[in-house]
Amino acid sequence: MPGFELFGEQEKKQVQDVLDTGVLMRYGFDGMRNGQWKALELEKALEKRMEVKHAQLVSSGTSALTVALASAGIGAGDEVIMPTFTFVASFESILAIGAVPVLVDVDDTLTLNPEAVENAITEKTKVVMPVHMCGSMADLKALKSICDKYNLLLLEDACQAIGGTFDGKPLGSYGDLGCFSFDYVKTITCGEGGAVITNKEKYKINADHYSDHGHDHVGKDRGAETHPFLGYNYRISELNAAVGLAQIERLDEFLSIQKKNYRILREAIETIPEVTFRRVPEGGEESYAFLNFFLPDENTAKRVHQALGNGGVDACFYWYDNNWHYYRKWEHLTNLKSLGKLPQAVYNQLPDYSKSDFSKSDHWVGRAISCLIKLGWSETEVKERAEKMTSLIQGTI
Ligand SMILES: *Cc1c(COP(=O)(O)O)cnc(C)c1O
């Protein structure tokens, strides 16, 4: 997955353009910037590559999720459905605007189970937020039809699956809004950064203003701009955007490397009868950022994960015991440990997750292992890795 592995001359050239002008901010300073508008250019490039009308760059993937929600008018007491298996950013971004994260089971796609989503809908539900974890996607068709039926927004977190597609559409562009992260370990990076994409002009205008203190961005005098509504500062800097501009041009090259490496590893471990693979919903194509597979039971998965690590196969994850990615270790959320008071609606409405039954998620996540697909491996390295993985797995089960 990580684009930082291939940080090179193109990235340096883009950053140098910004350093030459000294204008590190994306707005204003028109006279000094010598025609350099890196954030704006990256937004145009994203719109083209993701086949959407609008893109809004922000400071991170987490802030992209918050800005997306805020742009669609989501606020205090609104319920947002999200998966038990994701990154902590999902509930952080929801809590940031006073909305309520409602956790729902995942299935053998390792993403939202559409049936569980439908069961979790209340009259306060406003958004369904699938998270396309580890390079593959949720069943967007099923989720879209639920959203249409109950008049809910579909917000795709495509931070870990940029470049994947569903029904021929780039992930992130299928729902009402989509989000990407360009943090340092994502498929393409800005160092830190994120983006919201949408086809709806109103959301773009809201995102544009909201992410910059509510500034309306009319005219050439920032100090004279009006503020149609309250905002915040989620801006990206020109330096970060410059790195992303070089990386987005290499996205398709990165994806083809991922796919090639993924195939070699998959074909090797496919020969082991006990190993099964994560289900990719019909109509979907993965980004191949990770190879995700299941072992017959939790105990075997734990032992295989141990054996891979001890045998020198790095970057394989057992999410079931992971602090960041699975609900079992989110005690700070379950116990609402915050520095200050949270909005009252959150205390009143947050389900008691210490009593929730997510055994259906445990069934799948407890058996899953995900191995990161790196861009920098040589063909020999991938082949050696494939052989090593196969023999370590076979020797353990
Ligand atoms: C990385 C990530 C985010 C947040 O992105 P940051 O840029 O690190 O804030 C959100 N969701 C998922 C699934 C991620 O992997």
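## Helix α6

In this predicted model, Leu 140, Leu 143, Ile 146 and Cys 147 of helix α6 (residues 140-150) are buried; buried means under 20% relative accessible area and exposed over 50%, with partly exposed in between (1.4 Å probe, protein chains only). Seen down the axis of α6, the buried residues fall within an arc of 125 degrees, so they line one face of the helix; the arc is that of the directions from the helix axis to the C-beta atoms. An α-helix has 3.6 residues a turn, so residues three or four places apart point the same way. Lys 141, Asp 148 and Lys 149 are exposed on the other side of α6. Helices (H or I, at least four residues) and strands (E, at least two) are DSSP runs, numbered from the N terminus.

The buried residues of α6 pack against α5 (114-120), β4 (125-128), β5 (153-157) and β6 (165-166), where contact means heavy atoms within 4.5 Å. Just after α6, Asn 151 has a positive phi of about 60 degrees.

## Basis of the values

The model is predicted: local features need pLDDT of at least 70 and side-chain atom pairs count only at pLDDT 80 or more, while totals for chains, interfaces and linings use all residues. Residues are numbered from 1 along each chain as its sequence is written, and side-chain values use heavy atoms, with hydrogens and water left out.

Of the 11 residues of helix α3 (residues 61-71), 10 are buried, so the helix is largely enclosed by the rest of the structure. Among them are Gly 61, Ser 63, Leu 65 and Val 67. Ser 60 caps the N-terminal end of α3, with a side-chain oxygen 3.3 Å from the backbone nitrogen of Thr 62. After α3 comes Gly 73, whose phi is positive, near 80 degrees.

The ligand is surrounded by 14 residues, of which the closest are Gly 61, Thr 62, Ser 181, Asp 183 and Lys 186; a residue is near a molecule if one of its heavy atoms lies within 4 Å of it. An N or O atom in the side chain of Thr 62 is 2.5 Å from an oxygen atom of the ligand. For Gln 160, a polar side-chain atom lies 2.9 Å from a ligand oxygen, and for Lys 186 an N or O atom in the side chain is 3.2 Å from one. A polar contact is a pair of N or O atoms within 3.5 Å; within protein, one must be able to donate a hydrogen and the other to accept it, and residues adjacent in sequence count only if both atoms are side-chain atoms.

## Strands β2 and β3

All five residues of strand β3 (residues 100-104) are buried, so β3 is largely enclosed by the rest of the structure. Val 100, Val 102 and Val 104 lie on one side, Pro 101 and Leu 103 on the other. Strand β2 (residues 79-83) runs parallel to β3 and is joined to it by five bridges, with Met 82 opposite Leu 103. Two strands pair if DSSP finds at least two bridges between them.

## Two open sheets

An open, antiparallel sheet of three strands has the order β7-β6-β11. β7 (169-170) and β11 (284-285) stand at its edges, each with a single partner strand, so one side of each has no neighbour in the sheet. Phe 166 stands opposite Lys 169 in β7.

Four strands form another open sheet, ordered β10-β12-β14-β13 with antiparallel pairing. Strands β12 (residues 290-294) and β14 (residues 368-372) pair over five bridges, and Phe 290 stands opposite Leu 372.
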